[in-house]
Amino acid sequence: MLRLAIQSKGRLNEDTTALLREIGIDIDDSRRKFLAQAPNFPLELLYMRDDDIPQVVASGTAALGIVGLNEVVERGFDVEVVAKLGFGACRISLAVPKSVDYDGPQWFAGKRIATSYPRILRSWLQEQGIEAKIEVITGSVEIAPAADISDAIFDIVSSGGTLVSNGLREVEKVFFSEAVLISNGKLDEAERKTLDEMLFRIDSAMVSRRKKYILMNLPLASVDEATRILPAMRSPTVMPLAAEGWCSMHSVVDEADLWDKIRQLKAIGAEGILVLNIDKIIP
Ligand code: ATP
Ligand code: MG
């Protein structure tokens, strides 16, 4: 049975279980156990602390895991990233006390830097040709400068609010992370098929997340131009309206381009534009 290690509680847990549900894998959260079988998919879930996930995957206790790329790289175990999952985005940055006159990476030469990510920091320092002292701390890294444990910190940032409230300033964004699906590559044929099915569904869930369904009433004279604005998967759907000289056009657009497209469509006479969420896209 294919086993997937996921975070039992914490920042990744909710989005992980939401993704599994989105791709049609039921999970029973109410009576959460250490190990649970999905009732409708050949997958067993192993709940654990995120720190341990790269190791249990590398050792073969679970063939798959969902964890932050930061933990994967920091732990350094031999696992393969099979998909990026688009949630749990954060970065690991160097931050210095606000009062410091920071003038570039060389400032860190000879300084003490507190972090829970020594491996990632060491490799960045090496790339930059800088020698600094790494103080490994597992708890609240952001208080290290105030406690005179270090001169700077290297820590996870998502909004930056924690840094500011500790009198620190982000000066180098070093590592960008998101949740990833990892594998140890040791899957038998049936397990490989299950993984392929999961990847296919994850792909479709991620594509549909960034797309919107758009429909509108359009003067027939504008159909060619609207087709250029809205390429769609093959081409937009055009349906007749009872009103002479008008049609209804349907298409799919990238969320990033949505407002730009709407502006262009309005300029060629589109009316009654509706934008809808898409549940699944199977290309
Ligand atoms: P666990 O008890 O499982 O060890 P944890 O306290 O180590 O949990 P969380 O704080 O739940 O870990 O974070 C899990 C992951 O979420 C991080 O490794 C990182 O990939 C991601 N993440 C996203 N945003 C943030 C953030 N602002 N702070 C910390 N982690 C974040
Ligand atoms: Mg942890």
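Which residues does Leu168 touch, not counting residues up to four places away in sequence? In this predicted model, the answer is Ala95, Val96, Pro97, Lys98, Glu142, Pro145, Ile153 and Leu163. Below is a short tour of Leu168, a loop residue, Asp148, and a pair of helices, H1 and H6.

- You will find Leu168 in strand S10, which covers residues 168-177.
- Leu168 has a relative accessible area of 5%, and because buried means under 20%, this residue counts as buried.
- Among the contacts of Leu168 are Ile153 and Leu163, along with Glu142 and Pro145.

**Asp148 in its loop**
- Asp148 belongs to the loop between strand S8 (133-136) and strand S9 (152-157).
- The phi angle of Asp148 is near 55°, a positive value in a residue other than glycine.
- The relative accessibility of Asp148 is 54%, so this residue counts as exposed, the cut-off being over 50%.

**Helices H1 and H6**
- Helix H1 spans residues 13-22 and helix H6 spans residues 189-209; their axes come within 9 Å and cross at roughly 105°.
- On the H1 side, Leu19, Leu20 and Glu22 take part, and they meet Met198, Ile202, Ala205 and Arg209 of H6.
- By type, the residues of this H1 and H6 contact divide into 5 nonpolar and 2 charged, with no polar ones.

Methods:
Residues are numbered from 1 along each chain as its sequence is written. Chains are lettered from A and ligands numbered from 1 in the order in which they are written. This is a predicted model: local features need pLDDT of at least 70, side-chain atom pairs count only at pLDDT 80 or more; totals for chains, interfaces and linings use all residues. Side-chain values use heavy atoms; hydrogens and water are left out. Helices (H or I, at least four residues) and strands (E, at least two) are DSSP runs, numbered from the N terminus. Buried means under 20% relative accessible area, exposed over 50%, partly exposed in between (1.4 Å probe, protein chains only). Contact means heavy atoms within 4.5 Å. Axes are lines fitted to C-alpha atoms, for helices over the stretch in contact, and angles run from 0 to 180 degrees between N-to-C directions. Ala, Val, Leu, Ile, Met, Phe, Trp, Tyr, Cys and Pro count as nonpolar, Asp, Glu, Lys and Arg as charged, and the others, Gly among them, as polar.
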